Amino acid sequence: MLNHPSPSSCRWLLLSLLLLVACGWNKAASSLGDGRKIWQQPKPDPILSGQSFLHDNFPSGFLWGSGTSAFQTEGAWDQEGKGPSIWDHFTHSSVTAVPGDAVSDSYTRWEEDVEALEYLGVRSYSFSLSWPRLFPDGDARGQPNTAAVEHYSRLIERLLDKRIEPVVTLYHWDLPQVLQERYGGWKNDTVVGLFENYAAFCFHTFGSRVRYWLTMHNPYLVAVQGYGTGVHAPGETGGPASSLIVAHNLIRAHAKAWHTYNTHFRPAQKGKVSIVLGSHWVEPQRGQATANNVELCQQSMEAVLGWFANPILGDGDYPASLKIKHGALLPIFSPEEKLWVQETADFFALSFGPNNLRLGRGLVQYGVTVTPDLRRVLDWIKLEYGDPRVLVVEAGWFSEASVGTEDTVAIYLMKRFINQVLQAVKFDGVQVFGYSAWSLVDGFEWNNGFTVRRGLFYIDFSQPNRTRTPKTSAQYYRHVVADNGFPSDKRDKEIRGRFPCDFHWGVADSTLQVHFHPFSPQFTDTHLYSWNLTGDRSLRPVPGVTVNTRRAQCTDYLAIRNHLRLFEPTGASHYRFALNWSLILPQGDLSNVNTEALRYYRCVLTELKKLDVKAAVILYYPTHRAPNLGLPGPLHASGGWLNHSTVEAFQKYAALCYQQLGSWVPYWITINEPNRLVDVYSSAIEKHQAAHNLLLAHAKAWRLYEREHSSQQRALVSLALHADWAEPANPFLDSHTAAAQRFLLFELGRFLDPLLGTRYEEKHSKWDYPQEMKAYLEERAGVMGLRGSPLPNFTDTEREELRGALNFIALNHFTTRLVSPYHPTQASPQQKQPPDHGCLTLSDPTWHSSSQGLALVPWGLRKTLNWVSQRYGRALPIIVSASGIDDQAPVEDKLRQLFLKSYLQEAFKARQLDGVNLQGFYMWKLQDRHVPQFGLFTSTHHRSKAKASVALYKEIISRGGFPEDNTTQACRSNELHEPCSACVWMFKNKALLVFGGCLFITAVMLAALIIFVIVTKRNQTRGRRRGVTRRRRRERVPVCTCPRVKC
């Protein structure tokens, strides 16, 4: 049972009761216990609200900090009078545990810790006092250890001198071992009273210099892992029954300490006291917030955070779900105890880290999933506990010990957590007043020992000096603290203006599907049919009678018409699609030419010309998968791109296409994304040989066109490269900058350097692979003990053929990737051989990503265009030949709309501000095949509906970009593109016009016939009269010519 309160405390209780009755405690009554609402309400749409990442500042005076705990960092476990703790005993006696003696030695090197805090620029330092160091026997009624008191006094004084606020924790898991042996630790009510005495001593000794007190750190882990599962000290495995008793005593001990401070020390010291509570976070699986799933989420939070927060910051009792779950095992608070425990925290102190998240996964049930969303935890606390002020005391993640100072992943997790706090403050109104990055220095990580690190400062535990070396996460945190958050990104500012009138507004597709059969069988069926001869209303062929069939015309292929009619709503002026090499030449040579396929493609091209849409045609579109990678079967069987004969075969195939289709094609792309195709090959030698032959195949096709067709057809020829931007994953490391540059050289430079050279190379070294790439591969081969570089060499003839074999640069850009150098320590035994470029790719978790993992990073496009322009000059035009993002929305594709606006804005900046010779942008792609993905239109199974992004794209095209006045762009070329209204009417009413024409011709012919008949009859009558006259003359009949005389 809880100790009886003192008379003064009773008076305080009575006053509290009167206040509750008089005021009704409106705030609590109206706002407590509403945590369920967070799942019942729809989550904010980050696309609409701009909440994927917030560029803003924290409130003025925000308490930035870092923290440590005594056992993890102090060391000196048996020096200067310190008594053993349960963790000292646990790590020295357990076979599986690792002793925590060799830690960062903060007891003697505390001044270096203060210097580390100064480096970060933080305003607070959260650290814990060691109970067994201050009182080796655990009893604060006796004399304290003078050396310990002086140590902590020096530390606090130095912090205050540096204007760093001390945030002091009384108990961070290091219970004096003597109390564990004598009383059984926290299972015994006696320890509750001893803790009260210890707290009173600390308040009395240090309280005049400390404004923020934390009674204990994450009691959940003490109860569950210390006394339930035995993973933590003291290593007891009493199960839920022990955990529930321990948790009950920890809550009571905290309440006693709070009341002690509130009664005896607050009036003079005016500090604040709380308890650090740890939590995980859960969401309904797949966003299905059914009533049952919401209840499961609420119960999961109550089982961890609510277990302690509900009695202390709620109604003074355990959550109902815990009472139902544990029944009689759960200790009971009496009515008096509830009032005593209730509201014994002056602010909410939160711990959010890997330990609770790991345990949280074991608590979830079907329909619920654990996720590291700090913003949602803070929102839940606000709803559940009446909008308290919150201090995030512990937040951060861990890195493997082998990472050392280059803790790149930790940077992005820190960025994510801090931004989630900022969003909770700015968007949700949560009263967060401080954030502490955990931990300041590397230390002993409990049951993980020294295998993982959480410090901002690296410590080599094998070296006696324990030097504090800032990790890259410390450098990053330092910048965030100095900026007080995330200032607005200048790159996000929009500019206004228009693209030129001749800009390519395009839509890109993959290989065009060929549908040979026309709509009607009249073009292929030679039979003559009779109908209903026997009364059965059936068609029967007439025996022995055949009719001539006419060859199908382009207009008879309804598949072409239905496909191309989708173009009109987009307003696009260009269409990029690919031919099917294996369909046109099934054998890979000219021995078997599929003329029907060529005819079909001609029909597509002629129909495009009628629509005044220019075609950009890809000769070879690799499929990147078995069986043939898009090659004709015989060519693939003979080695594919590893065999030089495929180069010759491609040239002949290109010649056929130029000859048969070139009159309708203004832009040719020989090969699409050869830099992605080479990834299919397993060994480094095969990859480089395939890339070598692909380059030569392109050059031969380009030279052939220049030699035989360019003067007449005047098309431009290029190849298209996959061109995602590579950003250094760690901005503080030169090795990452070098890795990103190397990645781009392997991706783009390997193909563009031999064709264009660079602006930086000497003439003798041009028209070859990048020199940096060659040097890296040679060095790597030496390290791996290989004979030489796997990179093939070009002959002089091949160099000359490659030289300048591009009319424009075509880039397919979709996303941005973070790039870091590959380290052997990062590889697992099952991992494949590292890539030739020696780089690893990852993504920033704060970037908004699609369902397929494509991050939406608009500025990456601008950087890509600038990199290409700076390396190869501005003479050749650049065309973004494919760019898009997958969006699972059936019609209202908000993500794609955001992609369109933001990526085109960055393309416009590259052209207007950076001088990039950008002449086109093709949106990928026209239509979905099945489920919603990249298409501007739904699949044919979903009636080919235009998605919302189509209207947006057409609007941007009609305005020519982003004009100030949002008016339509007036271009002479556009006027030529737009058909007259009469022409449109005639096109839509072709059948009526044909019928009317027939009637008109018939009427004219009928009128002509009538006139002919009338004229003929008149001539015949005149002819008969002349004949009579002539006969009379021949018969000499006298004719009287004298006037008649009257008689």
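This note goes through the predicted model in numbered points.

1. Residues are numbered from 1 along each chain as its sequence is written, and side-chain values use heavy atoms, with hydrogens and water left out. Because the model is predicted, local features need pLDDT of at least 70 and side-chain atom pairs count only at pLDDT 80 or more, while totals for chains, interfaces and linings use all residues.

2. The structure holds 45 salt bridges, each being a side-chain nitrogen of Lys or Arg within 4 Å of a carboxyl oxygen of Asp or Glu. In one of them the side chains of Glu295 and Arg36 meet at 3.0 Å, N to O; Glu295 lies in helix H14 and Arg36 in the loop between helix H2 (26-31) and helix H3 (37-40), so the pair ties together parts that are 259 residues apart in sequence.

3. Another salt bridge joins the side chains of Asp768 and Lys774 (2.9 Å, N to O). Both Asp768 and Lys774 are buried, where buried means under 20% relative accessible area, exposed over 50% and partly exposed in between, with a 1.4 Å probe and protein chains only.

Key: Helix = DSSP H or I, 4+ residues; strand = E, 2+ residues; numbered from the N terminus.
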